[in-house]
Amino acid sequence: MTLQRSRTILALACYAVSALACRAASDDWAVAVVAYVRGANAANGYTNAHAALGEAARATLDWNEPAAVTVINPAWLPSQIVSLGDGGYLALEMGADVVNEDDPLHPYGVDLLVYGNALFGAASTAGFYAAPWVGISQEPAEIWVSADTQTWCRARARMADSFMPTQSLDGDGNPSDYLRPVNPAWLTNDWFETEPPWSYSNTVAAYEGAAGGCPVDLSDLLTVAGAPTNLAAARYVKLVDVAGSGSTEIDAVARVAPVPEGGVVCGLLLVMWCSARHHE
Ligand SMILES: [Ca+2]
Ligand SMILES: [Ca+2]
């Protein structure tokens, strides 16, 4: 194989990887605000609905110091989140159709993740990583989905800006995967039981490298009348603040990536490499 041919194949491979990466960056997150209606108690200074577009925050401030987004220190800057207020709502268009998948490549059948700024509260700041949780700060909103903005379905037993708080780092301090859900079974876990006590360390371990958020399965929806239903795909997501529960804040909405997505890229490179070897 000539050096020129090697370079050409390498360039094509790099192009394929970068093209897929770019597509993922825009298609996996909300790209447009369809509607934003503020409720009465929306937080002052947090009314830029465009803060909910694009990727969820990985970094914020701890007082004035740069800090990673964690389950105890969520995104809270005005550029990162938008406040809905009692009875307010926010409707977003996703960058691509969120297809309802329920196969082994999509963990737990989860198709969509909604990131807010809920956080766990610890019993003390001394020995912080082992200090038991005493509560969660949450301001829940209903999650509705639609293929066309005409017919909306509500995610059953799922609320935005509640469980699970966002965690940008895994247990080893590496970036967590914002396009992969936590096990939805954790949503009904008793995080405030005393045996075993739940704290930062074992909570982050339970995330298994995912970043939290509220997981939505398009197979587990309700009609406006409350009857079970499902959608083959959704393009729009609406977060509706529940009056009387504080003002919901929304950071971002993501579609879940199929687990072997990276494997497809590796497979492509492998095929190209084998082809190149064959022609040497
Ligand atoms: Ca699904
Ligand atoms: Ca945001």
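Two strands pair if DSSP finds at least two bridges between them; strands (E, at least two residues) are DSSP runs, numbered from the N terminus. This is a predicted model, in which local features need pLDDT of at least 70, side-chain atom pairs count only at pLDDT 80 or more, and totals for chains, interfaces and linings use all residues. Residues are numbered from 1 along each chain as its sequence is written, ligands are numbered from 1 in the order in which they are written, and side-chain values use heavy atoms, without hydrogens and water.

Strand S6 (residues 112-116) pairs with strand S15 (residues 249-255) in the antiparallel sense, over five bridges. Leucine 112 has arginine 255 in S15 as its bridge partner. Both strands belong to an open, antiparallel sheet of four, ordered S4-S15-S6-S11. Strand S4 (82-83) and strand S11 (214-216) stand at the edges with a single partner strand each, so one side of each lacks a neighbour in the sheet.

The calcium ion (ligand 1) is coordinated at 2.3 to 2.8 Å by Asn100 (OD1), Glu101 (O), Asp102 (OD), Gly109 (O), Asp111 (OD), Asp111 (OD) and Asp217 (OD). Donors are N, O and S atoms within 2.8 Å of the metal (3.2 Å for Na, K and Ca); water is not among the atoms, so sites may look incomplete. Along the sequence, the donor residues follow the spacing N-E-D-x6-G-x1-D-x105-D. Glycine 109 is buried, at 7% relative accessibility, while glutamate 101 is partly exposed, at 25%. Buried means under 20% relative accessible area, exposed over 50%, and partly exposed in between (1.4 Å probe, protein chains only).

The protein averages a pLDDT (the predictor's confidence in each residue, from 0 to 100) of 86, and 83% of the residues score at least 70. Over residues 1-24 the pLDDT is below 50, and residues 261-280 are also below 50. Where pLDDT is low, the predicted coordinates should not be read in detail.

Note on methods. Contact means heavy atoms within 4.5 Å.
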